[in-house]
Amino acid sequence: MTKIQNHELVVFVGYAGDAADLAGRLEQLKPKLQEQLEAALRHRRDDCPLKTVRVWSWEDDLGGERRGQNGIDPVIHRAHVALFVFRGRVGEVTRREVELARGRGDDDLPVYALFPKRAPESADEEEGAAAWTALLRFRRSLSKDWPADDSKALRPTHRFGSGEELETIVLERFAADLAGILDRAEQPTPDAAVESPRALVLRSGYLDVIERATHHIRLVGIGAGSRAKEARALQPIETLYTRLFARSAHVTVDLAELLPATARLLIEGHPGAGKTTFLRLVACMLARDAMGVPCPTGQPWRTSLLGLAADRPARIPVLLSAASLALSMQQPSEREDNRHWLLDLLVKYCSDNRIAVDGSTFEALFSAGDAFVLIDGLDEVADEELRRRVFTVFDDVCTHWISCPFVVTSRPIQTSELRTTHGFTHTAIEPFRRAQMDAFLQRFAAALHGNERERPDADGDAYLAELRSAILQRRDMRLLAENPVMITSLCVVHWNDGQLPRGRARVYRAVIDWLIRSKREAREEFGYSDTFAQSAFSRLALAMTAHEHGKQKSIELESAAAAIDGVVERHFPDLDRLERRARARHWLRYECLGSGIVQELPDGRLEFWHLTFQEYLAACELALGLDDPEDEHAWWPTVRDHLEDPQWRETLELLPASLFGDRDQGRVDRLLGFVQGLARREHESDLAFDARSAGLVGRFLPAVEALGYVANPAIRESHLRSQERAMAIFTVAGAAQVPLRERLRAAEALGRAGDPRLADDGFERNLRPVRTGEGWRLGIYPVTVQEYLAFVDDEGYSRPEFWTTDWPERERRDWIEPADLEWQLRHPNRPITGVSWHEARAYCAWMTQRYGLAVSLPTVAQRQAAAVAADGEYPWGGDYPGREHANFDRDVGHPTPVGLYPLGLGPQGHADLAGNVWEWSADVQRIDSDGDRWIHVQGGSWSTNADYLRTVQPRHLRSAFEVTYLAWNRGGTVGFRVAVAPVGVVTPA
C-alpha cells in the first residue's frame, strides 16, 4: 500500500521542454484538479491518514526556480506524484528531472508523461521537424527503458491534440488514477499518538510551507507583463544571496561564521542591509536539511552555506516577524504579554496553511531545544506602545526557551537590553565592499541571463561586463551599491532598460521609483498611494535642506510630520489638523520600517537612508516651482541665496537635470539666465564676477548636457567668455585685481564646474623642468582631488600591479580610497590629502602605465631644485612670507585650490611649493625597529603655526626645511606632486 506520511497527497503538475505556451492552460487546470481530488477525499473512510490534497506547479507555487542544479530537484523530492506535459525539444535537464521524478514515486504512485499527437507549429520548418523527431525519440526511449510491468514506470500512453483534450485527460483519466490512490492509502501507525514534537512537526507539512516561503528572492520590477521575464523575477535564495560581513567585537567576519559560534545572535543593520534575506536563508537551509532534501555539494545545506555542524539532526526553523506579532497583539485579549502570544501566532500561521500542529506541540519543541528561532525586525513596529509590548513578549520567550538558538534582527536602535539581559552577541552588518558588489553582480548576471529570446546575441559574460561598467566604474553608483537593496535596484533598472539612465538625477529617480513601487501593495493596505509617498518624500527633503538653522541631515518626527502637512491635506481633505498630524506620523513610522528611503535613528529622529536621496528629492521639490514661469519669487530666492552654500551643492547641481525634459528645455534656460544675471556683490570686481558666473553656470551645464540639453546660444557664448576671462585670477596681474577671499570663492566654483587647467589631456602641459640639468620635470601643482579620483575609479586600490612592494601595507590597513574622500570630492581642484606615501607611489605607478612616462615621487634634491630661488630662501625669493605668497598659518583653515597664490610661484613656475600641503618625497630617511619607514616631507602646509614662524624664522616654509612622517600617515595636511623622468630613465619601484 502507498505510504503517505504527511497527511497530504502532493501532486506536482508542470510542463517540460520548451512548453511554455502550455503554462497558462495548466495553471487553469490546477484549481479544478485540486477541487476534484478534495471532493474525492471527503468521501473516503474516516480512518484514512490523508487530510488534504495539494497540487503544486513549477512556475508559480514553487517560486519559479531556475531549472537545473539546485532548481527543481527539491520540488520533485517532496512530491508524491508528478505529471509532465511535453511539447518541443527535450534537453538533458528535462531527462534528469524525469529520472528523478520516477525515483521519487512511493510504491505504486506513478509518474505521468503526456505527449502531443502531432508536431507543434513552428516558424522555422526545419528546426520544428528536428525538435519533433527528438521528442518522438525521447517518448520511445521511455517505453523501452521503463517496461510496463514496472509499477513505478513512467506512463507515456496518453496523447493530446488540442488544449481541450489535454484538459479532459488531466481531469478524467489522471484524476481517476489519483482517486484510486486515496483508496489504497496506508492506515496510520498505532503509536502515532506518542510521537515526539519534532516528529509531529516533520510529518505535518510545516517544513514544506517554510521552505516554499523562503526558497526564493523576488526581484520586484523585473519584466512586468512578460510571463517569461516574470519567471526570472523569482530566483533561488542560495543563487542570489551574497555573503554579508559584519562587525563583531571590533573584528569583521562573514555573518554566517557567527552562527556556529554563538547561541544567541543579535544582528543590527539599516533598512535594505540584508537582515531579512539572511534569516530567510537560514530558515530555508534548515528546512531542507530537516526534510532530507539532498544538497548538490554532498554536505547538508546548513553546512555548505552557513557553516553549521551536522552533528545532530537539523533544528526546526521558526521564522517570525515582529511586525506580524504586533499585528496579532492589536486584537482585544485578556492574555498577558508573554510567550503565548508567539505560540498563538504560530498556530494561526499553521491554520492558514492547513498544517495540523497545535500550540502545545510547538511549546514542547521549544522546551526540548529542537527549534531554531529567527525573529525579524524586533524593533520594527511603528506604534511605540506595541513596540514595548513586543519587547516584553520577547523577554519572556528568551527567559523560558533557553535551549533554543536565537537569531534576531533589528535596526540599530533600542537593543542594549538584549545584549545585557539575555546574553546576545551583538554584530552590525557592514556596507558592501567592492568585492561583495562584484560578487552580487556575478550572481545577478548568472541568474537572469539565461536563454532570453529578447537578447539572443548577448551572453552572461558580456552582460556582466555591462553591469560592472555601469555600476562599479562610477563612484556615485558605487556609493549607492554599498547596500544590498540599492545594488539590487540598480541591477533591476539596468536589466529592464538595458542600461542605467544618463545622468545622476535620472538614476536616482529610477532607484527611488523602484523602491516606492516595491512597497506599493503593503503601502496601499494602509491607505497610502505611490503618488502620496513621492510628494511627501520630496516635501520633507526640501524642508530639511532649507531649514532655518541650516541643512539638516536628520529631523524630529513631529517636525517631519509638520513638514508634510500640506501633502496630507491634499490627499486626505476630510481630516482636521490633529488627524492630519497623526496620519503623517503614522506614515513616516511606516516608511521607516523598510522603504529604503527614510530610516529611524536611535534618538527617535528620522533621516534619509542616503544623503543623496535627500539632495535629489529636494531638487525635485524645487523644480516644481519652475513649472510656473510667472512665479519666479516662489523658487528663485531659495536658489539664489544658496548658490555658493557648500551644503546645497548637490541639490543645486541636481536641479537642472530635474528640470530638463526631452521636449522642454525652457526651464533650464530660465534657471541659467537667472544665474548669469545674478547681481554683482557690493565691491566685487569684474574679474571676480566673471569667475563666479563661469563657475556657477559651469556647475549646472555638464549634468543637463549629458542628457541632451543644448544651451541657448546667448547663454553658451556668455559662459565661454566669462570662463576665458576668469582664468586670469591665477595670474599675478589678475590676482592683484581680486582680493584673496573673492579669488578663493571663484576658484572653488571653477573647480566644481571642471577646472580647465586640470583637463585629462593636460598632464604634460602641467609639467615644468627643474634646474638639475638631467631633464627631470615636476608637476606645476600638487596632485588634485579630481586627478587622484581617476586612479580610484580605475580600480587602482584593487590592482596589485600598481603597488608592488606596497601591496601588503594596503591589505593590512584595508585602504580602499583616501581618508575623508567624500568631503574632499566637494573641492575637486584642491590638493588630495589623506593619502599615505604608499598610496602616492601607487598613483605614480598608475600614471606611468597610463601615459607611458616614468612617473614617480620627486626626491628631496629634485624638489629643492624646483623650489630654491636665486635671490632668497623661499620659492619666490627673499621676501618674508605674506598672505599673498602662500596658504599657511591657518589663515584660510584648509587646503585651497592649487595655484591660487601666483606671487608664490617658484623660479620655474611651479605653484604651492610652500604652504597648502606638505608633500611626500621619494626619499626614505630611516626604517625603525618596527619596520616602519620614515619619509621626508617638504614645503609646509596650511596649518603651519604663525607664532612659531614669527618668533624664530618662517623656516617651515623655507625651501631647505625638512621633516619626516611615517609612510602610512594619512593626515589632512599631506599631499604630493609627481616627477617625470627624462626618456630612457627608469624610476625605482
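Let me begin with a term: helices (DSSP runs of H or I, at least four residues) and strands (runs of E, at least two) are numbered from the N terminus. What we have here is a predicted model, in which local features need pLDDT of at least 70 and side-chain atom pairs count only at pLDDT 80 or more, while totals for chains, interfaces and linings use all residues. Residues are numbered from 1 along each chain as its sequence is written, and side-chain values use heavy atoms, with hydrogens and water left out.

The mean pLDDT, the predictor's confidence in each residue from 0 to 100, is 80 for the protein, and 78% of its residues reach 70 or more. Over residues 148-154, however, the pLDDT is below 50, and beyond near neighbours in sequence this stretch has 16 contacts in the model, a contact being heavy atoms within 4.5 Å.

Now to the cavities, sets of points on a 1 Å grid over the protein atoms alone where a 1.4 Å probe fits but cannot get out, with lining residues having an atom within 4 Å of a point. Which elements each supply at least two residues of its lining? They are β12 (316-321), α12 (322-329) and α15 (384-400), and α15 gives the largest share, four residues. Among the lining residues are Leu320, Ser321, Ile375 and Phe394.

Finally, Arg212 lies in helix α7 (residues 206-214), and Arg212 and Ala287 are 75 residues apart in sequence but 9.6 Å apart in space, C-alpha to C-alpha.

Methods:
On a 1 Å grid over the protein atoms alone, a cavity is a set of points where a 1.4 Å probe fits but cannot get out, and a pocket is an open set with protein on both sides within 12 Å along at least five of seven lines; lining residues have an atom within 4 Å of a point.
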